[in-house]
Amino acid sequence: MEGASTVIPKGDTVTEEFLRDFCHRWAAAWNSLDIDTVMRLMHPDIVWEDLVFWPRLIHGHAELREYVEAIYRVMPDVRFEEVQTFTAPADGRALFLFRQTCSAPASLGTAKTATTYGCDILLAFKDGLLSRYLAQYDLVQIMSQFDVLPPRADRIGGAYLLSLLHAGSR
């Protein structure tokens, strides 16, 4: 990412150009598989909400570093491809719609790969850095592609999820 032009907003005001530039740097940072590169995009007071993967809200760089390390440990070849970026400069927000690919963790003992869609919701920026984040993606879809969940069959929504509660007790 060195040598890339970076658009830095003045104060906390963001522009369309800044949001699009940030999303481009966002994808490049995550795809670099380098924790420090990812962390350079985050405000020290980041509030990070990814309750799909992580059990609690994350506050600050130290907690976020632990999260990013876990992501790369579980999915060391994870890749994010931009599908589309939606921006709301007046609100200082963007939505980065992505296609994610990754291999199953080595601990599963399978060479399976998974592909799913999701979105990174960039809710706030301070000093040109992301300060509030929300994740939305389908972990069940990934786990199904790794063959670590029972087949869904004809069960829909909550019926399938409830069936998972009983799958291990049989």
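The largest nonpolar core of this predicted model has 41 residues. A nonpolar core is here a set of buried Ala, Val, Leu, Ile, Met, Phe, Trp, Tyr and Cys residues joined through side-chain atoms within 4.5 Å. Buried denotes under 20% relative accessible area, exposed over 50%, and partly exposed the range in between (1.4 Å probe, protein chains only). The residues with the most contacts inside this core are Trp-26, Trp-30, Trp-48 and Leu-130. Two or more core residues come from each of helix H1 (16-31), helix H2 (35-39), strand E1 (42-49), helix H3 (60-74), strand E4 (93-103), strand E5 (113-126) and strand E6 (129-137). The largest share, eight residues, is given by H1. Helices (H or I, at least four residues) and strands (E, at least two) are DSSP runs, numbered from the N terminus. Apart from its neighbours within four places in sequence, Trp-48 is in contact (heavy atoms within 4.5 Å) with Trp-26, Trp-30, Met-42, Leu-57, Ile-58, Leu-64, Tyr-67, Leu-130 and Tyr-133.

Residues are numbered from 1 along each chain as its sequence is written, and side-chain values use heavy atoms, with hydrogens and water left out. As the model is predicted, local features need pLDDT of at least 70 and side-chain atom pairs count only at pLDDT 80 or more, whereas totals for chains, interfaces and linings use all residues.

The chain has five helices and six strands. Read from the N terminus, its elements follow the order α-α-β-β-α-β-β-β-β-α-α. The C-alpha atoms fill a box of roughly 60 × 30 × 30 Å along the principal axes. Of the 170 residues, 38% count as buried. Among contacts with a separation of 6 or more, 50% are between residues 24 or more positions apart.

The six strands form an open sheet with mixed pairing, in the order E2-E1-E6-E5-E4-E3. Strand E2 (58-59) and strand E3 (79-88) are the edge strands, each pairing on one side only. Two strands are taken to pair if DSSP finds at least two bridges between them. E1 and E6 pair in the parallel sense over four bridges, and Trp-48 has Tyr-133 in E6 as its bridge partner. H1 packs on the sheet and touches E1, E3, E4, E5 and E6; the direction of H1 makes about 165° with that of E3. H3 also packs on the sheet, where it touches E1, E2 and E4, and the direction of H3 makes about 60° with that of E1. For these angles, axes are lines fitted to C-alpha atoms, for helices over the stretch in contact, and values run from 0 to 180 degrees between N-to-C directions.

The pairing of E3 and E4 is antiparallel and covers nine bridges. Within it, Glu-81 has Arg-99 in E4 as its bridge partner. The two strands form a hairpin with four residues between them, and Gly-92 in the turn has a positive phi of about 70°.

Thr-85, in strand E3, counts as buried because its relative accessibility is 6%. Beyond its neighbours within four places in sequence, Thr-85 is in contact with Arg-20, Cys-23, Leu-95 and Phe-96. A polar contact of 2.7 Å joins the side chains of Thr-85 and Glu-82. Such a contact is a pair of N or O atoms within 3.5 Å; within protein, one must be able to donate a hydrogen and the other to accept it, and residues adjacent in sequence count only if both atoms are side-chain atoms. Asp-21, in helix H1, has 14% relative accessibility and so counts as buried. The side chains of Asp-21 and Arg-25 are joined by a polar contact of 2.9 Å.

Most residues other than glycine have a negative phi. Leu-33, although not a glycine, has a positive phi of about 60°. Leu-33 lies in the loop between H1 and H2 and is partly exposed, at 34% relative accessibility. Asp-127, likewise not a glycine, has a positive phi of about 55°. Asp-127 is located in the loop between E5 and E6 and is exposed, at 54% relative accessibility.

The average pLDDT (the predictor's confidence in each residue, from 0 to 100) is 88 for the chain, and 91% of the residues score at least 70. Over residues 1-10 pLDDT stays under 50, and the model has 16 contacts beyond four places in sequence for this stretch.
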